[in-house]
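Here is a colleague's note for a reader who is meeting this structure for the first time. Please keep the sequence and the model in view while going through the points.

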Amino acid sequence: NMSGPTATQAKEIVKCGKDPVYFINKYAKIQHPTRGTIRFDTYPFQDMCVKAYMKHRFSVIIKSRQLGLSTVSAIYAVWLAIFYRDKNNLINATKLAVAQNFIRKVKVALDALPKWLMMPTVTERTKTHIAFSNGSQVKAIPPSEDAGRSEALSLLIVDEAAFIRNFDELWLGLYSTLSTGGRAITVSYT
């Protein structure tokens, strides 16, 4: 629509931009292993995690498997990237395949959004990186000694942190990328 969003759509854009929990429950879709692409109806504990991401600079989540917290974190990164300019979101996972799976979650969520809600356009889309016309990006990388170096991050998500070899050394390098006020979400199961 070349004339821009309708008044109702504009109100929805504002509401979504203010509340990631609303955005996730109203517009996010996920890939279910047996049902295909479905709407993401979050559980209260997932909503609590998103609210904690907003409230606290550092969130550490130790969880059971298959609770959807990596997925909700991926969609939170989508929300941050499309509703705010120049957000540099980096996902660090145990290996390249896990990082690429995280980006797949981001792509499923993006592809399901109504066109009028996708105000910034996607300018680059690879297996590990999505860039937007508003200067934001979501990038996923495997751990390495120079992971994220020379970057200033808005959001760092470390997925499966307990299984990253030499995580303490990796964290020392990554922590400095948050020095400009960036946030960190660390998710793992034991």
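Predicted model: local features only at pLDDT ≥ 70, side-chain atom pairs only at ≥ 80, totals over all residues.

1. Residues are numbered from 1 along each chain as its sequence is written, and side-chain values use heavy atoms, with hydrogens and water left out.

2. Ile82, together with Phe23 and Leu110, touches the most other members of the largest nonpolar core, which holds 47 residues. Such a core is a set of buried Ala, Val, Leu, Ile, Met, Phe, Trp, Tyr and Cys residues joined through side-chain atoms within 4.5 Å, where buried means under 20% relative accessible area, exposed over 50% and partly exposed in between (1.4 Å probe, protein chains only). The largest share of this core, twelve residues, is supplied by α4, and a second, separate core of eleven residues includes Leu90, Ile141, Leu178 and Ala184.

3. Helix α2 (residues 20–27) is mostly covered, with seven of its eight residues buried; helices (H or I, at least four residues) and strands (E, at least two) are DSSP runs, numbered from the N terminus. The buried residues of α2 are Pro20, Val21, Tyr22, Phe23, Ile24, Asn25 and Tyr27, and what covers them includes α1 (7–18), β1, β2, α3 and α4.

4. The largest pocket holds about 990 Å³ of space. A pocket here is an open set of points on a 1 Å grid over the protein atoms alone, where a 1.4 Å probe fits, with protein on both sides within 12 Å along at least five of seven lines, and lining residues have an atom within 4 Å of a point. Of its 33 lining residues, Gln31, Gln66, Gly68, Thr71 and Lys105 are the closest to the centre. Among the elements that give two or more residues to this lining are β1 (29–32), α4 (69–83) and β9 (183–189), while α5 gives the largest share, seven residues.

5. Gln137 has its place in strand β7 (residues 137–141). Is Gln137 buried or exposed? Gln137 counts as buried because its relative accessible area is 18%. Apart from its neighbours within four places in sequence, the contacts of Gln137 include His129, Phe132 and Glu151.

Notes: Points joined across faces, edges and corners; volume = space filled by probe spheres on them. Contact = heavy atoms within 4.5 Å.
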